[in-house]
Amino acid sequence: MGFEPSALSVLRWDEPPEGPVLVLLDQTRLPAEEVELVCTDVPALVRAIQTLAVRGAPLLGIAGGYGVALAAARGFDVAEAAGLLEGARPTAVNLGYGVRRVAAAYWAASGKGEGDEAAAAAALAEARALHREDAQASRRMAEYGQALLEELLPGRAYQLLTHCNTGALVSGGEGTAFAVALRVHRQGRLRRLWVDETRPLLQGARLTAYEAARNGLAYSLLTDNAAGSLFAAGEVDAVLIGADRIAADGSVANKVGSYPLAVLAKYHHVPFIVVAPTTTVDLETPDGTSIIVEQRSGQEVTELTSPQGVSAIGGGGIVVAPLGAPAYNPAFDVTPPELITAIVTEEGAISPVTGVGLAELCARSSQVTIS
Ligand SMILES: CSC[C@@H](O)[C@@H](O)C(=O)COP(=O)(O)O
């Protein structure tokens with residue numbers, strides 16, 4: 001099957017004379033500047049992950065996989081590198097999946113006595129396979145997601161609401177939830193994409209609006225607080241979001257602010273649809289309460305940061321609270337399955353969302369299983 005990398009160069013492997021590197025589009029600088037960040041080692045990549053220069057569940061998996069390949073190619077300790085990468089952020093299950101999968105390919109080749117160079121080549125080949133598969137999964141999710149919308153809301157042009165950023169910036173392809181909106185747009189069926197700004201780090205305002213504009217979508221940005229009045233006015237036909245980890249019972253961890261949207265959607269009888277590849281499903285996490293939610297620095301709440309600023313994310317911005325104000329800053333929240341109309345994966349959609357349905361989808365998946 002052909003591999004069509006996304007038009008945005010979000011992440012690429014490069015081999016200049018000084019040695020292999022992983023080149024990332026620095027998402028903390030968007031939309032002001034399209035600046036690349038060159039990672040020559042794993043600690044640099046870990047910093048990029050923690051500062052959200054590279055982010056979003058599927059892309060974290062791809063980056064983690066290439067990170068292991070980078071360690072192997074540069075002769076660093078692969079086990080140590082894998083540990084550092086896997087621990088960089090706790091919630092998106094794809095990160096650990098990508099790291100473990102590429103490390104397993106490395107150990108398998110090295111176990112066969114093929115030598116360091118061959119083991120490093122095996123790791124890189126596996127990272128590339130993961131990248132390619134994610135692009136393919138993205139295309140299929142877009143098809144299934146659009147078909148589901150047609151089934152739920154036949155013959156309509158939709159007003160869709162989305163939260164956080166789920167497009168090409170988080171994917172080997174065109175993304176998850178955003179890829180569905182993009183397909184609907186290309187078919188002339190998107191009336192408007194409502195884009196939540198997504199406080200505190202503004203992934204919606206900085207990144208989704210950037211992607212929507214780049215692709216010519218009709219979109220409007222709103223503060224997260226404005227969503228309720230939009231639902232009340234009947235201006236939202238469906239909510240589309242991504243996921244960072246889906247537990248075995250169908251509970252979905254996604255960017256903080258997703259759960260209140262699900263409650264609003266239920267109250268207003270609006271479909272609430274989660275779009276994520278099966279690599280985001282974690283059958284070993286039994287339920288929502290078992291999902292570890294990343295807690296981030298309170299400074300991200302007490303300060304407003306600008307992509308033009310010296311330190312775009314995580315401090316150095318305009319102070320909007322009294323000095324030393326304590327802050328609550330979970331990066332994600334968890335939506336229980338009963339509030340979710342459907343989960344769409346590259347293997348199809350399930351509705352209602354049940355543990356059995358989810359397990360069946362995963363069993364169908366061609367994703368590599370790692371023990
Ligand atoms: C397909 S992306 C799904 C999620 O990863 C996305 O919605 C999200 O919550 C990203 O959070 P982030 O903290 O920016 O990495």
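Predicted model: local features only at pLDDT ≥ 70, side-chain atom pairs only at ≥ 80, totals over all residues.
Residues are numbered from 1 along each chain as its sequence is written.

The C-alpha trace of the protein chain spans about 65 × 50 × 40 Å along its principal axes. The chain contains eleven helices and 16 strands (DSSP runs numbered from the N terminus: H or I of at least four residues, and E of at least two). Of its 371 residues, 52% are buried (20 or more other C-beta atoms within 10 Å of the residue's own, with C-beta atoms placed from the backbone). Among contacts with a separation of 6 or more, 74% join residues 24 or more positions apart (contact: C-beta atoms, placed from the backbone, within 7 Å).

The unreviewed UniProt entry lists several positions under "binding site", including Gly 56 and Asn 254; such annotations may be inferred rather than shown by experiment. Gly 56 lies in the loop between helix 1 (42-50) and helix 2 (57-73), and counts as buried because it has 29 C-beta neighbours inside 10 Å. Beyond four places in sequence, Gly 56 is in contact with Asn 165, Thr 166, Leu 169 and Val 170.

Asn 254 belongs to strand 9 (residues 252-255). With 30 C-beta neighbours inside 10 Å, Asn 254 is likewise buried. Its contacts, not counting residues up to four places away in sequence, include Cys 164, Asp 244 and Phe 332.

Notes
Buried ≥ 20, exposed ≤ 12 C-beta atoms within 10 Å, placed from the backbone. Contact = placed C-beta atoms within 7 Å.
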